[in-house]
Amino acid sequence: MAEKKKPASAKKSSAKSTTKPAAAAKKGGAKKPSAKKTAPKTAAPKKSSAKKAPATPSLQTSSIPSLKPAQRPVGQGKPRQVVIIGGGTGGIDVAARLVRVLGAGKITIVDPAQHHDYQPMWTLVGAGQVTKESTRRNMESLIPKGVEWLKDAVVDIQPERNLVKTKGGKTLEYEYLVAAPGIQLDWDKVAGLKESVGKGPVVSNYAYDTVDSTWQAIQSFKGGTALFTMPAGLVKCPGAPQKIMWLMEDHLRRNGQRNKAEVVFASAGAAIFGIPRYREALEKLLKARGVKTLFGHNLVAVDARNHVATFETMDTKQRVTLKFDMIHVTPPQSAPDFIKKSPLAGEGGWIPVDKHTTQHVKYPNVFALGDATNMPCSKTGAAIRKQAPVLVNNLQRLMMGQPLNPGYDGYASCPLVVTHNKVIMAEFGYDGKIMETFPIAQNKPRYSMYLVKRYLLPKLYWDFMMKGRA
Ligand SMILES: Cc1cc2nc3c(=O)[nH]c(=O)nc-3n(C[C@H](O)[C@H](O)[C@H](O)COP(=O)(O)OP(=O)(O)OC[C@H]3O[C@@H](n4cnc5c(N)ncnc54)[C@H](O)[C@@H]3O)c2cc1C
């Protein structure tokens, strides 16, 4: 599984650091704060941002700890201005924006991964529409010019001392930290899953290593029960567990196999979708297409040999078993372990940030975005597209001693692929506020929205978001 492999691949000897020349860095339009102004100890205005931005009432920039040279870890070089943990969706977007503001040589991304994946496309990989190779790029090709990449895994974060330590034995001191380490896939929380996923009838779109097993299983399905599961707790792209269910149901229908199959969606949740506008549309589809649902059922074991899935009911904790001929599993997910055990972690292990400014609630010189945070939005790349500019703007404001801007409204989007060429384009913000982009009823399955998902959004991601321009 990709998530497990990544940290392991960051061998001590292979840890390396590359910096690209800052060709474009100086062209940035924003005012570059001076070195003095950017130092956390000097950035504190007497009046904190709190008065003008009630979302961050208790934060004082003056409380940012600053190490004197003598206290610095020996032999680790000068402190970085900004260290970014993770070069995924959030980390690259932030780095690309920030280097335009700060210039070259100020930012270090730490990430052990050799590759960066456009995960939203894995839904269509699982349905055989695109190859998984087309979703992957070399990490190096995405590191913005002027940004240093340390190919290593962070294992320890000490925000009181403004430093992070890596698996490869490096200690990096920072003035500002951005945490974007993503979410962890906990395959081993379902008994029998880790050993069986990606083989035969047990499949999952949730990792690069297993995503093509979904299409193989769909093609070799000869009838019987096709089971799709959604775990308890938070997951990235909460729509993805059902998207592949709709795609398989549609595939069976178009290939004259639908009457030989029972399609079952078993979810620990209480409904097919959280937002009423889209839930109602999806409930109609469930009925029209004869999909069986089992809500309040959390998958706890997979017996791949005997094709048996075991669930625990959410209310009475009873065990329920179901025979399957194919099962698509969305694994349980949580904050990465190294975050959970760090002082950055809050309730449930997530990184607690102000949900409008993205600033850490305890450490003012720490910001976070994406799947690892406790922001009560849907964990999606779409959410990050709106979080990244707010984060970068607020980091600049903090550096210049200005009040923070509570600019993130919880926006997220979920292109619910419901047939091979139709999408319900859900877009919503905090408290379920509908935030649709197009002047059409987006709660209806539409070919035009499929084109957006299939062609427009990948382009937006690679050519704009990964360059900090979306
Ligand atoms: C099947 C599927 C379908 C999806 N569909 C959609 C969709 O339609 N629309 C949408 O908007 N979103 C979708 N998403 C969700 C979206 O891909 C994620 O929400 C987004 O990529 C999260 O970005 P992130 O930066 O938080 O984490 P990631 O992009 O996962 O990046 C985290 C990075 O941190 C690195 N890292 C991990 N541990 C360490 C460490 N110890 N030290 C340093 N670095 C570390 C990792 O190597 C990785 O590069 C989907 C996801 C999946 C799996």
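User: Which exposed residues does the face of H9 turned away from its buried side carry?
Analyst: This is a predicted model, in which local features need pLDDT of at least 70 and side-chain atom pairs count only at pLDDT 80 or more, while totals for chains, interfaces and linings use all residues. Residues are numbered from 1 along each chain as its sequence is written. A residue is buried if 20 or more other C-beta atoms lie within 10 Å of its own, exposed if 12 or fewer, and partly exposed in between, with C-beta atoms placed from the backbone; helices (H or I, at least four residues) and strands (E, at least two) are DSSP runs numbered from the N terminus. In these terms, the face of H9 turned away from its buried side carries the exposed residues Pro276, Glu280, Lys284 and Lys287.

User: What arc do the buried residues of H9 cover around the axis?
Analyst: The residues Tyr278, Ala281 and Leu282 are buried in H9. They lie on the same side of H9, because the arc that they cover around the axis, taken over the directions from the helix axis to the C-beta atoms, is only 95°.

User: How far apart are the end C-alpha atoms of helix H9?
Analyst: The expected span of a helix is 1.5 Å times one less than its number of residues. For the 13 residues of helix H9 (residues 276–288) this gives 18 Å, and the model agrees, with the end C-alpha atoms apart by 18 Å.

User: How many of the 15 residues of H8 are buried?
Analyst: Helix H8 (residues 240–254) reaches 21 Å from its first C-alpha to its last, close to the 21 Å expected. Its buried residues include Trp246, Leu247, Met248 and His251, and what covers them includes H4, helix H7 (211–220), strand S12 (224–230) and S21. H8 is largely enclosed by the rest of the structure, because the number of its 15 residues that are buried is eleven.

User: Which residues is Gln242 in contact with, leaving aside its neighbours within four places in sequence?
Analyst: Gln242 lies in helix H8 and counts as buried, with 26 C-beta neighbours inside 10 Å. Its C-alpha atom is separated by 9.5 Å from that of Ser267, 25 residues apart along the chain. Leaving aside neighbours within four places in sequence, Gln242 is in contact with Phe228, Phe265 and Ile272.

User: Which residue, with a positive phi, follows H8?
Analyst: H9 is followed by Gly290, whose phi is positive, near 65°. For H8, the residue that follows has a positive phi near 70°, and it is Gly256.

User: Is Asn162 buried or exposed?
Analyst: Asn162 has a positive phi of about 55° although it is not a glycine, and it is found in the loop between strand S7 (154–158) and strand S8 (163–166). With 25 other C-beta atoms within 10 Å, Asn162 is buried.

User: How many C-beta neighbours does His307 have inside 10 Å?
Analyst: His307, in the loop between strand S15 (297–303) and strand S16 (308–313), is a residue other than glycine with a positive phi, near 55°. His307 counts as partly exposed, because its number of C-beta neighbours inside 10 Å is 19.

User: Which residues does Asn138 touch, not counting residues up to four places away in sequence?
Analyst: Asn138 is found in strand S5 (residues 136–138) and counts as exposed, with 11 C-beta neighbours inside 10 Å. Asn138 and Ala113 are 25 residues apart in sequence and 9.0 Å apart in space, C-alpha to C-alpha. Not counting residues up to four places away in sequence, Asn138 touches Gln114 and His115.

Methods: Contact = placed C-beta atoms within 7 Å.
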